[in-house]
Amino acid sequence: MKTRSLILVLVLVTMLVASNVVNAQDGTKIPRGGVVVVSEGRQAPFVSNFNPYAPDPTPWAQAGVYEPLMIPNAPNGFELIPWLATGYSYSEDLLTLTFTLQEGVKWNDGEDFNADDVVFTFELFQKFPALDRKATLPYFSSVEKVDDYTVAIHLTEVYTLAHYLFSSVWPLPEHAWSTIEDPVTYTNDTPVATGPLATVKVVNEQVLELCRNETYWQMGEDGLPLPYVDCMRQPVYPGNDPANLATVNGEVDWVANFIPDIESTFIAANPEKHHYYFWPGGGVVSLYYNTEKAPYNDLAFRQALSMAIDYESVTSIGMYGYTNPSEPILLSDAFKGSWNQEAIDAAAEMGIHEYDPDAAEAALDAAGYVDANGDGWRDLPDGSDLSFKVQVVNGWTDWVTSVQIMSQNFQDVGLNASIDVLDFGIWLNNLQTGTYDTSIGWGTGDPTAWDVFRNLLFSDLIGDDGIANAQLWSRWTSEEADQLLVDYVATTDAAAQKAAMDRIQMIFVENLPLIPLFPGPTWYEWTDYRFTGFPTEEDYYIQGSSWTTNGQRLVVLMQLHCISEETCAEAQ
Amino acid sequence: MRFLVRRFLFYLVAAYVAITLNFFLPRLMVGDPVQVMFSKFQGRMDPRAVESLKETFGFVDAPVHEQYFTYLKHLVKGDLGISLTNFPVPVSEVISGSLEWTLRLVGIATIFAFSIGMILGTIAAWRRGKFVDTLILPIASILAAFPYFWIAMLALYYLAHIQGWFPIGHGYNLRLKEDWGDRAYVSSVIEHGMLPMLTVVITALGGWMLGMRNNMINVLAEDYITLAQAKGLSDRRVMLVYAARNAILPSLTGFAMSLGFVIGGALIVEIVFAYPGMGFTLLNSVNGRDYPLMQGIFLMITLSVLAANFFADVIYVLLDPRAR
C-alpha cells in the first residue's frame, strides 16, 4: 500500500513536471486561473447595465467588457498605447485624423471587429447625442471607412490633440447594436464585446464578477489568449470602513481605497505582502479665488496669500503625507516633460509659492492692506473691512483639514479668514456662478498639459449665462493665454507647442490666477498573497489604480497572474 | 365595522398627502443629478461631457407641475420610473435586489425582538424583583441605550475579526452561486445573517421589554386581575389571557409602525456589516439626487407604514372589544 501510493505520487509529480517542461518557453510557466478580488472603496450596489455609454454604467463595463482604441499611459506622460487601434495620423491640412485598427480582433460572439464598427459608433453619437459621453460631436463632421482596418475622422476644425479624444472611445459592435431601437436606454445585459472580461458571471446588489473572454485577441507568453486570470470579483462595500477591514484582512488583491494612516493599519498588518503607492500625478488641487472681486483682483494680494500658505503642513497633516506640495506651475509629475524650469525659477525669485509669513506680511503692508480700524485684522487699502471665507465641501475630510490649516495661516498674517463648509451642490454652484471669495478645488489631471491650462484659463469656458465651466472658477483670463491655447492645438510642430506651453506657464506664474497646492493622489494598494504583476513604485509601468476611466487598468490586467498553481487554487 | 371603514378612508387621504409630499420634498434639496454625477468623478470627467448627461436626463427639466402629473399617472400604473444614478435601469429593478435581504434580516429581527421583548417583559412584571426583572431587564435597557453602530462595530471587530466566529461582511459567501436549492448557499446566508441579526435583536429588545413590563404593572393593579385570581384561575391563565392581552395593546401600534419601517432597511447594519439592503440604496439615491429612486423607496415605506397601521387597527379591534 505504502509503495503503491508513493509510486502514484511519483507518477503525478513526473506528469506535472513534464507538462511544465512542455509548456515552458523561457524556463518559467505563468500559472493561469484564479479570481482577482478588487475593491474601489465605497461602492453603490451593482445593477446590470453594460451599456458603456450609460451615464454611470456597471463598473468595468467601460474598460473591461469594452475597450478603447488607445490607452494613455499616465506615468509615461500620457503617451498613447496602441489597443484596438494600432496608431493614428493626421492629414496634411490637419483636418482628417486617421486610425489604423488592430486586425484579428473578434467580438465575443465570433464576429470580426473592423472599421464598420468604429464608423457605426461615431455615427451613433450623431444620431443619439445623449450617447456622446466623451463630447466628440463638436469636433467631427463625418467618419469614413477607408478600408476594413482604417477609419478617417473628418474634423470640424484643426485640433491636434483630437487623437486623445477620439481614441478614448469604446467601439460598439455594429451587428449587435444596429437593430437596437433606443441605445440610450439599452442596458445591454449580455454584452457583445471585445474586452478581456466580456463574460458577465454575476451582477447583483452585493457583487460583480466578470470572467475572461475565451477568444481575447491578445496572447500571453504561453501563446494562449490573455488574461491569465479567470475572473475579476468586486464586492460591494457600503462604506470605507468595511472595505478597509476586508483589505487589512488580506481578502482583497487589488485595491483603490482611501485608507487613513496607512502605514500603521494596512502595512503593519503584513509588511511583506501589503503594498501601496500613491502616485502624485493627479490633477493639482488648488486654492481658487474670485479675481472679479476685490481684493482678489489685486496681484499683490494674491501673491501675499501664496506666501502665507504652509504647503508642507497642508500635505503632511491635511493629506496625511500622501502627496507633496505641487510646483508653482500647476503641472503634476505626470507632465514633468512639459515643465518650464524658467517659470519655476521665476516663481522662486518672486518668493511666491513658498511658505514665508514674514514676506507675506511685508507684501500686504506694502500693498496697503493694513489694520485701519484697529480691530486686529487687516483691512482693504481704502480702509473698509476685509474678511473672507474659504469654501470646502462637507465630508471631504482631507480637504476640510487642509482648508483649516490654510485659514489659520491667513489669520497668522493678520487676515480675517474663516472656513465655510458647504454641501457639494452649493459649493459647486458658488464656484460656477462666481459667488464666493476663495475656495479649495480640484484641477484637471489628464490627458495633456494643454488640457490642464485650457480648463483653468480659456475664456470661452465662461458661458453667455456667466457660468464658469470646467475649472475657470477664478475667472482670470487673458487674450495672450487664449491665443497660446488656440495656437497650441493648431499645429503638430513640437517646438512651437513647447514654446507656447512654456509661455503659458510663465503667464501663470506672473499672474497667479490660482494657487496650486498639491497633486491629487490616486489611491492604489495591492497585496501579493495570491497574485503578482501589479505596477510597483519601482516599476510603475502604468497607473496602478483600478479606479480609472481611461482604460489603464486593462494594461495591468494583461500582466496579472497567480504567483503559483497553489495560489491560483486558493484564489477562487 | 364602521370604525374600520373610517380608518380606511383616513389612511387613503394620508396616502395621497404622503405621495404628494414624496414628490415635492426631494426636489427642495440643493443640487441636481447631473451635478452630483459629475462630482463623483472629482474632475476626472471631461467637463464637456456634461452636455451629453443633460441630454440624457432631459426629462428632469420639465416644469414641476408636468412632472407631478406624469408621476401620478405612472404611479397609478404601478410604474416607479427610471433610476437616474443607474440610468436606464427601472427603479423597481434597482430595489428588487436589496428588498429581499432587508425583508429577511430586518423583518425577522423585528419580529424576534418584539416577541422576545413581550415575553420577557411579561415575566419581568409578573415576577417583579426576580431574575428577569433585576438582571436581564437592566442589561437589555443598557444595551438599548448604547448607540447601535458602536455595539455593531464592537461585535464585528471582536467576534468576526479577532475571534473569526462569523464572516466579516455581505449576505452570503460571494464565492458561491445564488441558488436556494444549494445547501451550502443557504447555510452561508444563515451564517452571514447571524451577527447582524443578533446585534439588531439585542439592541431593540430593551425598549420592547421595558414598555411591556410597565404596561403589565399598570394592568396588574386593575380590579379584574384580583377578581381573576380570586376566582382561582391558574397563574398562567391570569398572566397571559387577562393581563398580557390587555397590556400588549399599546405596544402593538409601535410594533406595526416598526414593521412598516422594515422596508426602509437598517442603514447602519448595512454599512457596518456590508450587508445588502434598502437603507444603503436609499442613502445612495439621496446622495445622487436620484428623484425617481428616492420617490420609489419613500413611497414603499409610506405605504407599508400605513398598511401596517391599518393592520394594527384590525388586530386592535379583535383584541379589544371596546374598539368595536
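The largest cavity is lined by residues of chain A, A:Pro45, A:Glu205, A:Gln206, A:Val236 and A:Pro238, together with B:His170, B:Ala274, B:Tyr275, B:Pro276, B:Gly277 and B:Phe280. A cavity here is a set of points on a 1 Å grid over the protein atoms alone where a 1.4 Å probe fits but cannot get out, and lining residues have an atom within 4 Å of a point. The space in this largest cavity is about 70 Å³. Its lining has seven nonpolar, three polar and one charged residues.

The model is predicted, with pLDDT of at least 70 needed for local features and 80 or more for side-chain atom pairs, while totals for chains, interfaces and linings use all residues. Residues are numbered from 1 along each chain, chains are lettered from A in the order written, and side-chain values use heavy atoms, without hydrogens and water.

The second largest cavity holds about 40 Å³. Helix H8 (residues 183-220) of chain B gives the most to its lining, four residues; helices are DSSP runs of H or I, at least four residues, and strands are runs of E, at least two.

In chain A, four strands form an open antiparallel sheet in the order S4-S5-S7-S6. Strands S4 (85-90) and S6 (140-147) of chain A are at the edges with a single partner strand each, so one side of each has no neighbour in the sheet. S6(A) pairs with S7 (residues 150-155) of chain A over six bridges, in the antiparallel sense; pairing requires at least two DSSP bridges. A:Ser142 is opposite A:His154 in S7(A).

Notes:
On a 1 Å grid over the protein atoms alone, a cavity is a set of points where a 1.4 Å probe fits but cannot get out, and a pocket is an open set with protein on both sides within 12 Å along at least five of seven lines; lining residues have an atom within 4 Å of a point. Grid points are joined across faces, edges and corners, and a volume is the space filled by probe spheres set on the points. Ala, Val, Leu, Ile, Met, Phe, Trp, Tyr, Cys and Pro count as nonpolar, Asp, Glu, Lys and Arg as charged, and the others, Gly among them, as polar.
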